[in-house]
Amino acid sequence: MIHYSVMTKEQAHKLSEVDRSEKIDFIYECLGGIIHEIEAGHECATWDEQLMKELQERFVYELEHGGMGFGAFDGDTLVGFGVLAHQFRGDLQDRLQVDLMYVSRNYRRQGIGTRIINELSQEARNRGAKYLYISSTETRSAVYFYKSNGSELAEEVDSELFQKEPLDIHMTIKL
């Protein structure tokens, strides 16, 4: 049975328990506010050592600066997590970013991601945000997930996040 809880920075080592691998059938490219679908047909592997180190550092950084991590556990094993970033964004400073969000391959399509995004949304509301900002990987599965949870293409794209990940699909969820 899956149980959920707020995560601490001391749990950063558990992020490696999440299997991010997936078959990527299509990716999206956003040009001029229009999404184009491109056939991909390749497998994305789970974490390598360097990616995991970077992920854990981001996780700890956000939590140390006031962000919030929320995890889904099957027993003691982390099977999904999301991180609400600490920094308000946007011209009106009314957006908080979903900085990280992953659910293990064998646990997808069971409502785990939706529960995590709902918890992050509630925390963002509690902090005064009007929107969640999402810089989503360009995979069809990720974009569909966020769309099914109420996201739309961002009208105001965060320039700092766009510079970091220009291929991502930038979206917002109105809270």
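Which residues does Asp-74 touch, not counting residues up to four places away in sequence? The answer is Met-1, Ile-2, Val-79 and Tyr-107. Keep in mind that the model is predicted.

One of these neighbours, Tyr-107, also makes a polar contact with Asp-74. The contact runs from side chain to side chain, at 2.6 Å. Asp-74 belongs to strand 4, which spans residues 68–74. Its relative accessible area is 27%. Leu-153 lies 79 residues from Asp-74 along the chain. The C-alpha atoms of Asp-74 and Leu-153 are separated by 33 Å.

Now turn to the charged side chains. The model has 14 salt bridges. One of them joins Glu-43 and Arg-105, with an N to O distance of 2.4 Å. Glu-43 sits in strand 3 (residues 34–44), while Arg-105 sits in the loop between strand 6 (95–103) and helix 2 (112–126), so the pair ties together parts that are 62 residues apart in sequence. Both ends are partly exposed: Glu-43 has a relative accessible area of 46%, and Arg-105 has one of 31%.

Another salt bridge pairs Lys-14 with Glu-17, at 2.9 Å from N to O. Here the two ends fall into separate classes. Lys-14 is buried, because its relative accessible area is 13% and the limit for buried is under 20%. Glu-17, at 32% relative accessibility, counts as partly exposed.

Arg-127 and Glu-123 also form a salt bridge, at 2.7 Å from N to O. Arg-127 is partly exposed, with a relative accessible area of 30%. Glu-123 is partly exposed as well, at 21% relative accessibility. Salt bridges can also link up into a network. Arg-89, Asp-158, Glu-160 and Lys-164 are joined in this way.

Next come the nonpolar cores. The largest has 23 residues. Which residues have the most contacts inside it? They are Leu-84, Val-98, Ile-116, Ile-117, Leu-120, Leu-132 and Tyr-146. Several elements give two or more residues to this core: strand 4, strand 5 (77–89), strand 6, helix 2, strand 7 (131–136), helix 3 (140–148) and strand 9 (169–174). Helix 2 provides the largest share, five residues.

Val-98 gives a local view. Leave aside its neighbours within four places in sequence. Val-98 is then in contact with Val-83, Ile-117, Leu-120, Leu-132, Tyr-133, Ile-134 and Tyr-146. There is also a second, separate core, which has 14 residues. Met-52, Leu-55, Phe-73 and Phe-81 are among them.

Finally, how confident is the prediction? The mean pLDDT of the protein chain is 93. Of its residues, 100% reach 70 or more. Where is confidence lowest, and where is it highest? Strand 3 has the lowest confidence, at a mean of 83. Strand 4 has the highest, at 98.

Notes
Residues are numbered from 1 along each chain as its sequence is written. This is a predicted model: local features need pLDDT of at least 70, side-chain atom pairs count only at pLDDT 80 or more; totals for chains, interfaces and linings use all residues. Side-chain values use heavy atoms; hydrogens and water are left out. Helices (H or I, at least four residues) and strands (E, at least two) are DSSP runs, numbered from the N terminus. Buried means under 20% relative accessible area, exposed over 50%, partly exposed in between (1.4 Å probe, protein chains only). Contact means heavy atoms within 4.5 Å. A polar contact is a pair of N or O atoms within 3.5 Å; within protein, one must be able to donate a hydrogen and the other to accept it, and residues adjacent in sequence count only if both atoms are side-chain atoms. A salt bridge is a side-chain nitrogen of Lys or Arg within 4 Å of a carboxyl oxygen of Asp or Glu. A nonpolar core is a set of buried Ala, Val, Leu, Ile, Met, Phe, Trp, Tyr and Cys residues joined through side-chain atoms within 4.5 Å. pLDDT is the predictor's confidence in each residue, from 0 to 100.
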